[in-house]
Amino acid sequence: MTDMIIFGKTKLADIVMQDRRALVLLPRFGIELGFGDRTVKQVCEDRNINTDFFMLMVNVFLNKNFFPDRKLKNVDIDMLLRYLENSHKYYLEEKIPYLETLIEEFINKVDHPATQQLEKFFHQYIVEVKEHLAYEDETAFPYAAALSEQIKKDPSNISDIDYHIGVFEERHDNIEEKLTDLKSLLIKYFPPSNDRYIRMRILNELIEFEDDLINHARIEDKVLIPIVEQLEKKIS
Amino acid sequence: MNRTLIIAEPSEIIRKGLIHIAESLGFFSSVKEVACSSMLHDSLKKYKPQMVLLNPTFVNPDGLLELKEISGNDLLVAGVIYSLYDDEIVSMFDEVIMVGDTRQKISKKLGDLLDKTPEKNRKKTPETLSARELDVLKLLVKGLSNKEISDKLFISTHTVISHRKNITQKLNIKSVAGLTVYAILNELISMEDVQ
């Protein structure tokens, strides 16, 4: 994993080659693979993506020490929200269903009384993740969108939006935490099983998902929340 | 891990001989020598060795405890004995090397002694749960609250919480649901208990 900072002149392929975590970002911007040797700037311009925004997201996502403070005021909040919603869509429509299939396969292959409880644990966890994402999609994000809309229209006349991004900040719990439990159980405590590499595949997926969630949360904490706080200051 | 050996022995012939053997064993990343008892404390502080081969004349019985205090309680001390010594002195060492010992014998003695080290470390941070932690875990996965567990085991809720912290640390599992899977895997409870 690199701590490289991405520039417009960097070839997009080089970024993905150097850090595979960048792969999951591409569909969130509607970028398909097969972009040849084109640079970040070129790929973004081809697809009408704001290059600065793309680079900001990639840098925050790949580099946990990247502090975007000065670049925040240029961020278009609608673009940001669309990106975050796309991430959620990926979790809900791709990642979680695939994990569910793998876990189900594992449970079917491994004959152990504890698998039933593992299934229960996993389903409970998925319910929690879905609740977490739904809260953001249905409450926090629409609030941010409405706020920015109001400010564009008429900042002096803000209707009584009964919400505050501080609530989101407080509620923003670590949904990746339970993945550690799952990893410990599969690595250390389930007895050896002849499951044709399924357990390994699950672990790979879990580790990737965990990483993705941590980086995603960092974008929410370091980009979304500060921006909305700035908007809130404008109306108070 | 620091794999330094200090050989504290006044006789140059024996000291050099021991260094030669110790280096050939491959157990240690470095071997240092101390020829004079007055240098021993400083060397321990400086090198933080894992083991010392010590001529008994370098310390009195209380001095040995002092050595262990200086470099941490995990320090292994093997005595270097030329001839007959008082049992009391011999028994204060973790192991005893006789000058007549063969290389094989020294290798076995030091190897066995080193094998004891992880066991000592394990005592400090065991990954297995203590009996009390198991009690707490069993009740926890049956769905009892901290308060209910504290009533049942006659301990304070504070103690329950501290047990829970240790359990999580040792197993690397935090949630009750995850601990439940662990408990079933290890047959601490049966499926009926959690349904």
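**Loops, helices and a chain contact**

Colleague: Where in chain B does B:Glu187 lie?
Modeller: Bear in mind that this is a predicted model, where local features need pLDDT of at least 70, side-chain atom pairs count only at pLDDT 80 or more, and totals for chains, interfaces and linings use all residues. Residues are numbered from 1 along each chain as its sequence is written, while chains are lettered from A and ligands numbered from 1 in the order in which they are written. Helices are DSSP runs of H or I with at least four residues, strands are runs of E with at least two, and both are numbered from the N terminus. B:Glu187 is found in the loop between H9 and helix H10 (191-194) of chain B.

Colleague: Is B:Glu187 buried or exposed?
Modeller: We count other C-beta atoms, placed from the backbone, within 10 Å of a residue's own: 20 or more is buried, 12 or fewer is exposed, and in between is partly exposed. B:Glu187 has 9 of them, so it is exposed.

Colleague: What is phi of B:Glu187?
Modeller: Most residues other than glycine have a negative phi. B:Glu187 isn't glycine, yet its phi is positive, near 55 degrees.

Colleague: And what is phi of B:Asn172?
Modeller: B:Asn172 is in the loop between helix H8 (157-171) and helix H9 (176-185) of chain B. It has 16 C-beta neighbours inside 10 Å, so B:Asn172 counts as partly exposed. This residue, again other than glycine, has a positive phi, near 60 degrees.

Colleague: How many helices and strands are in chain B?
Modeller: Chain B runs to 195 residues, and 26% of them count as buried. Its secondary structure comes to 10 helices and five strands.

Colleague: Which helix gives the largest share of the side of chain B that touches chain A?
Modeller: Contact here means C-beta atoms, placed from the backbone, within 7 Å. By that rule, 14 residues of chain B are in contact with 16 residues of chain A. H9 and H10 of chain B each supply at least two residues of that side of chain B. The largest share, seven residues, comes from H9(B).

Colleague: How are H5(A) and H6(A) oriented to each other?
Modeller: Axes are lines fitted to C-alpha atoms over the stretch in contact, with angles from 0 to 180 degrees between N-to-C directions. H5(A), residues 77-109, packs against H6(A) at about 170 degrees, with the axes 11 Å apart. Under 35 degrees counts as roughly parallel, over 145 as roughly antiparallel, 65 to 115 as roughly perpendicular and the rest as oblique. H5(A) and H6(A) are therefore roughly antiparallel.

Colleague: And how do H6(A) and H9(A) lie to each other?
Modeller: Their axes come within 10 Å and cross at roughly 40 degrees, H9(A) being residues 198-235. Among the residues that meet are A:Ala144 and A:Leu147 in H6(A), with A:Leu224 and A:Val228 in H9(A). H6(A) and H9(A) are therefore oblique.

Colleague: Which residues is A:Arg218 in contact with, leaving aside its neighbours within four places in sequence?
Modeller: A:Arg218 is in helix H9 of chain A, and with 15 C-beta neighbours inside 10 Å it counts as partly exposed. Its C-alpha atom is 7.8 Å from that of A:Lys64, 154 residues away along the chain. Leaving aside those neighbours in sequence, A:Arg218 is in contact with A:Val60 and A:Lys64.

Notes:
Contact = placed C-beta atoms within 7 Å.
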